[in-house]
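Morning, everyone. Let me put the model up, and then we'll walk through it piece by piece.

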Amino acid sequence: MTTVDVLLGTVREWIAGAGRLCVLTGAGMSAESGVPTFRDALTGLWARYDPQQLATEEGFRANPQLVWDWYALRRTGVSRAQPNLGHVAIAQWEAAHPGGLTLVTQNVDDLHQRAGSCEVICLHGAIFEDRWLDDCRRRARGEPSCDTQWARPGSPPRCGECGNPVRPGVVWFGEALPQHALAAAQRAAAECDVMLVVGTSGAVHPAAGLPVLARRAGARVAIVNPGPSEIDDAADVLLRGTAAELLPKLLG
Ligand code: APR
């Protein structure tokens, strides 16, 4: 029996005995579905593109077409991707243990939802959602906001009334996370018995603080990642392998 097998057995027992399981996922969760990660050498998005230019409000204001077209490319890539065995294992475990799992993701793709996961806490927004760059002026007049679907087509689409551009509904660098999602994720971390951390480098806070929060609250933390991450110290167990390979063994 290999070391990974022994560790897998240990974590499986923890999960079997857990009243509450929390799973935190990052880009590595979708890597085997063909969605690039951010920081993997060569293949990662930030190894090929400038995050300041493409994932900040300043970058979007400086060149809205460049950013919009880049997200359009990513949207096409995600819509062509399929959930992998890791996504499916989480969704099946959730269905078999109603109320026993909280799934928190940093991913903006919809692969967890397409695999059947019901309540996904999305910390960094959703790539298929649109929103206005600036507050709709109608709101200032006490009227309901314009709907982004009414926007005039273009790259990016713009409000026909005031020219307000549409932007993707993701959290860019320097922006605050949706407060309700962050609060729900912190609560789940503080209340879980076991936290599985899958496919994240732990480079981005506040998401990277959740495993530490869980450990401090007495939970056992296991990391699934083929390589080292910046939050390995927060883990009781490091499972060196991929999401699609190990999650079915852990949750199946
Ligand atoms: N299975 C599991 N883990 C994997 C796999 C795989 N098949 N392939 C790669 N990984 C691991 C890598 O070793 C790496 O540690 O996934 C991690 C991906 O790290 P990042 O690319 O940094 O992605 P993530 O941690 O999700 O980034 C956090 O940063 O750019 C922002 O908002 C963006 O949500 C993102 C945040």
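Start in a loop. Gln 106 lies between strand E2 (101-105) and helix H7 (111-114). Helices and strands here are DSSP runs, numbered from the N terminus: H or I with at least four residues, E with at least two.

Ground rules, quickly. This is a predicted model, where local features need pLDDT of at least 70, side-chain atom pairs count only at pLDDT 80 or more, and totals for chains, interfaces and linings use all residues. Residues are numbered from 1 along each chain as its sequence is written, and side-chain values use heavy atoms, with hydrogens and water left out.

Is Gln 106 buried or exposed? Buried, at a relative accessible area of 13%. The cut-offs: buried is under 20% relative accessible area, exposed is over 50%, partly exposed is in between, with a 1.4 Å probe and protein chains only.

What does the Gln 106 side chain make a polar contact with? The side chain of Thr 200, at 3.0 Å. A polar contact is a pair of N or O atoms within 3.5 Å; within protein, one must be able to donate a hydrogen and the other to accept it, and residues adjacent in sequence count only if both atoms are side-chain atoms. Setting aside neighbours within four places in sequence, Gln 106 also has contacts (heavy atoms within 4.5 Å) that include Leu 24, His 124 and Val 204.

Leu 24 leads us to the strands. Leu 24 stands opposite Val 197 in E6. E1 and E6 pair in the parallel sense over five bridges; pairing needs at least two DSSP bridges between the strands. On to E7: five bridges join E6 to E7, again parallel. Leu 196 stands opposite Ala 222 there. From E6 the chain crosses through helix H10 (residues 210-216) to E7, and this β-α-β crossover is right-handed. That means clockwise from the first strand over the helix to the second, with the strands pointing away from the viewer.

E6 itself is largely enclosed by the rest of the structure, because five of its five residues are buried. Val 194, Leu 196 and Val 198 cover one side, Met 195 and Val 197 the other.

Last, helix H1, residues 3-17. Leu 8, Val 11, Trp 14 and Ile 15 are buried. They sit on the same side of H1, because their arc is only 120 degrees around the axis, taken from the directions from the helix axis to the C-beta atoms. Glu 13, Ala 16 and Gly 17, on the other side, are exposed. The cover over the buried residues includes E6 and E7.

Technical notes
The expected span of a helix is 1.5 Å times one less than its number of residues.
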